[in-house]
Amino acid sequence: MEPVSTRGVSDPELVERARRGDDAAFGTLVDRHRSAVFRAALAALGTREDAEEVAQEAFVAAFRHLQDFREDASFKTWLLSIAWRKALTRRRSVKTLLRRFVQPPEDAEWQVPDAGRTQEQAVLDRELRGHIRREISRLAPKLRDALLLASAGEQSYNDIAGVLGIPVGTLKWRVNEARRRLKARLAEVGYGNV
Amino acid sequence: MSDARLDAAIDAVAREMTDAEPSGALRARVLARIEEGRHRTSAGLPRWAWAGAAAGVVLFVAAAVWVAIPLRNQDAAQSTVAEQVAGAPPPAAASLERLAVQSDAVPPQSASPEGMPAAAGRTRLAAVRGVQAAEIGSEQGFHTVPALPAIEPLRLAAVEPAPLHVADMEISPITEMPSIEIRSLDPGSHDIQSTDPKKEK
């Protein structure tokens, strides 16, 4: 819950306070954006543990570089860019590659409980969702990143394109291409008529 | 399965894959790390300073080694020569000493017998004394390299070598050679191979 003293205060104002040494103001920024940062990191890495560490590193790095924030983008986009770069660095690390090799993400953290469904629906859908999850994790990283970030619904296409450092048109193409490939692969295993 | 349902399923799964919340302690951990970093920075030098200091130490050691190795080699060479001569001054020093004595003997404003001007001789004398001082210093465990004055160009008078005197000599006569007998070769002998293979055929 955001403290009363910072409720309704804009991000730029909180950034300014944090620059002046107000840790509580930065804490409010952490609270406001921690979900978005964590989800972006989870989209890139696939495991909660890695996503938590990257989110923490991203906030600390953002605090240390607050002076570099120029406000030509929103604080959230700037913060997500930092988190995304850190997530990609971790994804390329040998340790992460080895762990993915030993334990694929779709079998680890990307398992989601069947909340809100009847038992029958859950049984019917579980297999399909398992296939989709597996195929998403097998997509090329660029396509998977675009699809997961766009599907999360946290940010606009403009913001996601800014985080990824690509034009919006490229982002849209990647999302559509990811869908097309997924449907083609699902058709091969008996789902749909693509 | 319809295309729309497949799209919806993909959307749902993709959303689920990132639909998670970080632990509630994230804020506390972030602020703790910021505080920790603040203490670390204020308590000691920042990381880049340590890196710079380490690089400086490495450079210093490298420079010291670079300077010390030639000096050590020079010391080793000098001590070897000294051991070989067993107390006698090294040849280079001896010749320099002779040169110094000669220069001392030359009166000012006069040319040396070899055609060397007196001023140049004095300059060389100073250089010789500097080298000798450096040698004395090295014997005492330190090396002092004195500043050397500018050395004037060396001028030599025309060289007139003494006439060559050849003493009388006598070449002894060649003794008589005894006869030797060479055995003739057979016509079909293959002991000697012709240089032209066609002739052999």
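Chain A of this predicted model contains 9 helices and 0 strands. Helices (H or I, at least four residues) and strands (E, at least two) are DSSP runs, numbered from the N terminus. The order of elements is α-α-α-α-α-α-α-α-α, read from the N terminus. Residues are numbered from 1 along each chain as its sequence is written, and chains are lettered from A in the order in which they are written. Local features need pLDDT of at least 70, and side-chain atom pairs count only at pLDDT 80 or more, while totals for chains, interfaces and linings use all residues.

Of the 194 residues in chain A, 36% are buried (20 or more other C-beta atoms within 10 Å of the residue's own, with C-beta atoms placed from the backbone; exposed means 12 or fewer, partly exposed in between). Among contacts in chain A with a separation of 6 or more, 65% join residues 24 or more positions apart. A contact requires C-beta atoms, placed from the backbone, within 7 Å.

The largest nonpolar core has 56 residues. Such a core is a set of buried Ala, Val, Leu, Ile, Met, Phe, Trp, Tyr and Cys residues joined through C-beta atoms within 7 Å. Helix α2(A) gives the largest share, 13 residues. At least three residues come from each of domain 1 (1-111) and domain 2 (113-194) of chain A, with bounds from an automatic or database domain assignment. Residues with the most contacts inside the core include A:V37, A:A55, A:A83 and A:L147.

Helix α4 of chain A spans residues 75-92. Its 18 residues reach 26 Å from first C-alpha to last, close to the expected 26 Å (1.5 Å times one less than the number of residues). The buried residues of α4(A) include A:W78, A:W84 and A:K86. The buried set packs against α2 (23-45), α3 (48-64) and α8 (157-164) of chain A.

A:A55 has neighbours in both chains. It touches A:R34, A:V37, A:F38, A:A41, A:A83, B:P22 and B:L26, leaving aside residues up to four places away in sequence.

Between the chains, 24 residues of chain B contact 35 residues of chain A. On the chain B side, α1 (3-17) and α2 (26-43) each give two or more residues. The largest share, 11 residues, comes from α1(B). By class, this side has 13 nonpolar, 2 polar and 9 charged residues. Ala, Val, Leu, Ile, Met, Phe, Trp, Tyr, Cys and Pro count as nonpolar, Asp, Glu, Lys and Arg as charged, and the others, Gly among them, as polar.

A:S10 lies in the segment before α1 (11-19) of chain A. A:S10 counts as exposed because it has 9 C-beta neighbours inside 10 Å.

How values were computed. Two residues are in contact if their C-beta atoms, placed from the backbone, lie within 7 Å.
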